[in-house]
Amino acid sequence: MLKTAVAGLSRVANSIAIAANALGTLVVLALVVILNVDVIARGLFSAPLRGTYEMVQFSVVMIVFLQLADVVRVDRLTRSDGFLNLLHHRRPGLTANLRRIINAISAIFMGLIAYITFPEFLHMWETQDYFGVPGLFTLPWWPVKLVIACGTALACVIFVIKVITAQDRPQLVRTPEHDEAEQ
């Protein structure tokens, strides 16, 4: 029954992570449009798009945390696996345990970030705090705080699933040029 529950949770978490990644990609595309409109407006009309700086700040944070869980899901989170890859050939059991420990520590950190950020989201929702230049362009803080809290919470869940299932996929770290050398 535990395996079924973990498999179901894994499917749901993976689906949400993929959807959040797609949403992050749409934010990247929106950012490209905003920056192009700003460049064209500056060049043709000598009038920059108001709030470009604020929208870029807003977007970059959202992109990172919308795509974080999917990056964790496919084992592409930036970290140094060189030592673990070398150790994997000699001591695969030890390597698997080290990966579980790293995933557990990562889950703790992601959970702590979500735990700290969610009350900030609630506060920003109630107070309607904003960033930007009043009278020129402002954006509310709460969407950023919500994305950070949800993105890190989902990454935490995926790390926990990796610890429970002892998922160890070092082959995803390899680049195609390494595969050609072995042939």
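These legends cover close-up views of a predicted model. Local features need pLDDT of at least 70, side-chain atom pairs count only at pLDDT 80 or more, and totals for chains, interfaces and linings use all residues. Residues are numbered from 1 along each chain as its sequence is written, and side-chain values use heavy atoms, without hydrogens and water.

**View 1. Helix H4 spans residues 92-127.** Helices are DSSP runs (H or I, at least four residues), numbered from the N terminus. The end C-alpha atoms of H4 lie 52 Å apart, in agreement with the 52 Å that its 36 residues should span at 1.5 Å a residue. The expected span is 1.5 Å times one less than the number of residues. Just after H4, Gln 128 has a positive phi of about 55°.

**View 2. The buried residues of H4 include Arg 99, Asn 103 and Phe 121.** Buried means under 20% relative accessible area, exposed over 50%, partly exposed in between (1.4 Å probe, protein chains only). Helix H2 (52-73), helix H3 (82-90) and H5 are among what covers the buried residues of H4. Ile 108, also in helix H4, is instead exposed, at 53% relative accessible area.

**View 3. Helix H5 covers residues 142-165.** Its 24 residues reach 34 Å from first C-alpha to last, close to the 34 Å expected.

**View 4. Val 163 sits in helix H5.** Its C-alpha is 6.2 Å from that of Ala 104, 59 residues away along the chain. Beyond neighbours within four places in sequence, Val 163 contacts Arg 100, Asn 103 and Ala 104. Contact means heavy atoms within 4.5 Å.

Definitions and conventions: Helices (H or I, at least four residues) and strands (E, at least two) are DSSP runs, numbered from the N terminus.
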